[in-house]
Each structure stands twice: as structure tokens, then as C-alpha cells.
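Visitor: Can you walk me through this one? I'd like to start with a charged contact.

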Amino acid sequence: THRIMKRGVERGLLGRDLSKVKKVGIDEKSFLRGQSYVSCLTDLEQVRVIDVVEGRKQEDAVRLLEALPEPVRKEIAAVAMDMWPAFINAVGETLPEAEVVFDRFHVSKHMGDAVNMVRRGEHKELIKTGDTRLVGSRFDWLRSEETIRPDKREDFDALKASELKTARAWAIKELLKAFWDCPSEGFAETHFHRWYNWAVRSRLAPVKKVARMLKKHLEGLLAYFRHWITN
């Protein structure tokens, strides 16, 4: 069975045309309880996997990108990825004409993690005083507002309108989401700076940390509005 599969893959690879690949995505996947990783290269316009390699180090990513023939690599316009330095460096080394586009869903995960850290810290402090308002609310702060269960809507509306630090972190997260809906790069840059000024003045350490990281990578965020790609 393995030999049959191997021959089938080899035939498929021989007939594969990569000449029109212009925009790709590179991402990591964990397995075996998160102890091992593979890196995956995808054609974002034709929606297909190009190659997969073990590992997520810079040399692994270089090997992955070299799955593209050299003439094709010279024509790659953009690569969607997270902010993992190994991927950034590999693209700089291997794809000389490509722009890095930071993936919006990875950005959302960073911001969601920051909100959750604020919630956890505040919940511990509130419980000491007998305040149970944040009990059972973890996923409500992380999901999209429109997906809040109807039976929890009234309680969540009260929480998000409260003076809680978690409510402030959630509001900052929601404002960042609007960045991706801006009609142009110029509007997006203006929106980001307004968001950033609020985030770094929030007195919420996890939020400030993410804000500073995103500002450092702002060019790759704005590149989204030039290429409109995401993993």
C-alpha cells in the first residue's frame, strides 16, 4: 500500500504546474502533543498544498521554500505567515521579491491570549473578595460577539459595559478587529495608530505587550491591504 501511494504521489508531482504561483502561505502545525512540528507551504490562490517538511527552524523553512523552482521563487509576490522569526528570515533569504504579510488570524490569537491573561489575573483578585462575575465567562471574551449564546447575552452585555479590566481589554481587542475591515492601507494605518495609542495607555500589561509587538511588525500588517491574503 505504501509503494502504491508513493508512486501515485510521484506521478502527481511530475504533472504539477507551479509556474503561476504568485502568493503563498507558510504555517506550522504541531502534533504528538505539541512536541513536534511540521511546516507547510500552500498556494493561496489555487488553494493547494505545495510541500510539507519536518521542523519549523529557519533551515526547515528554507528547505520548504526551495520546493519552488528558482524561476518561480523569483516571481512570488507575497507570503502570508505568522510573526515567527525563522519564517521571516527564510523568506528574506529565499524569496527576494516577496513581501511578508502577517496573517490576521495569528494576530487575533495574540490579542485573544492577552485578553485571557487579563481575565485570569482579574478573576483571581475578584474571587478573593467574593466577586464571581467572571466565573464561566472565559470563552465569551474570546469568541465573536455575534456568536454569544442568547441565554448569556444579557449577562455578557452587563460585563462588557462594566469597569472591569477584562472589559477594557475586550474592547481593545474588538477595535483591533476593525483594522482588517479598513477600505485601504492609508485608513488602516491611521486606525492602527489610534488603536495603538489606546492599547499602550491601557495599563494592561498583556495588551501593551501585544501592541508593541504589532507596531514592530506594522509593515507586514499593512501589506495585507496590498495583497489581501491570509492563511
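Guide: Start with Arg56, which is partly exposed at a relative accessible area of 23%. Partly exposed lies between buried, under 20% relative accessible area, and exposed, over 50% (1.4 Å probe, protein chains only). Keep in mind that this is a predicted model, where local features need pLDDT of at least 70, side-chain atom pairs count only at pLDDT 80 or more, and totals for chains, interfaces and linings use all residues. Residues are numbered from 1 along each chain as its sequence is written, and side-chain values use heavy atoms, with hydrogens and water left out.

Visitor: Which residue forms a salt bridge with Arg56?

Guide: Glu28 does, with the closest N and O atoms 3.1 Å apart. A salt bridge here is a side-chain nitrogen of Lys or Arg within 4 Å of a carboxyl oxygen of Asp or Glu.

Visitor: What parts does the pair tie together?

Guide: Glu28 lies in strand β1, and Arg56 in the loop between β3 (48–54) and α2 (58–65), so the pair ties together parts 28 residues apart in sequence. Helices (H or I, at least four residues) and strands (E, at least two) are DSSP runs, numbered from the N terminus.

Visitor: How many salt bridges does the structure hold?

Guide: It holds 21. One of them joins Arg226 and Glu185, with the closest N and O atoms 2.7 Å apart. That pair links distant parts of the chain: Arg226 is in helix α12 (residues 224–227) and Glu185 in helix α9 (residues 185–200), 41 residues apart.

Visitor: Which residues are linked in a network with those two?

Guide: Glu99 and Glu219 are linked with Glu185 and Arg226 in a network of salt bridges. Arg226 is partly exposed at 29%, and Glu185 is too, at 26%.

Visitor: What about Asp140?

Guide: Asp140 forms a salt bridge with Arg143, the closest N and O atoms being 2.8 Å apart. Asp140 is buried, at 5% relative accessibility. Arg143 is partly exposed, at 31%.

Visitor: Now Lys23. Where is it?

Guide: Lys23 sits in strand β1 (residues 23–31). It is buried yet has no salt bridge. The nearest side chain of opposite charge is Glu45, 4.6 Å away. For charge, Lys and Arg count as positive and Asp and Glu as negative; His and the chain ends are not counted.

Visitor: Then what does the Lys23 side chain reach?

Guide: The backbone oxygen of His227, at 3.2 Å. Leaving aside neighbours within four places in sequence, Lys23 is also in contact (heavy atoms within 4.5 Å) with residues including Thr42, Asp43, Ala78 and Ile229.

Visitor: Switching to backbone. Which residue other than glycine has a positive phi near 55°?

Guide: Val47 is one, with phi near 55°. Val47 lies in the loop between β2 (36–43) and β3, and is exposed at 70%. Trp228 is another, also with a positive phi near 55°. Trp228 is in the segment after α12 and is partly exposed at 47%.

Visitor: Why flag that?

Guide: Because most residues other than glycine have a negative phi.

Visitor: Last one. Which residues form a nonpolar patch on the surface?

Guide: Met5, Val9 and Leu13, with about 290 Å² of accessible area together. Patches take residues with over 30% relative accessible area and no salt bridge; like charges are joined within 9 Å, nonpolar side chains (Val, Leu, Ile, Met, Phe, Trp, Tyr) within 5 Å. Areas come from the Shrake-Rupley method with a 1.4 Å probe, and for residues only the protein chains shown count as cover. Val9 is in helix α1 (residues 2–14) and is partly exposed at 46%.

How values were computed:
Polar contact = N/O pair within 3.5 Å; in protein donor to acceptor, adjacent residues only side chain to side chain.
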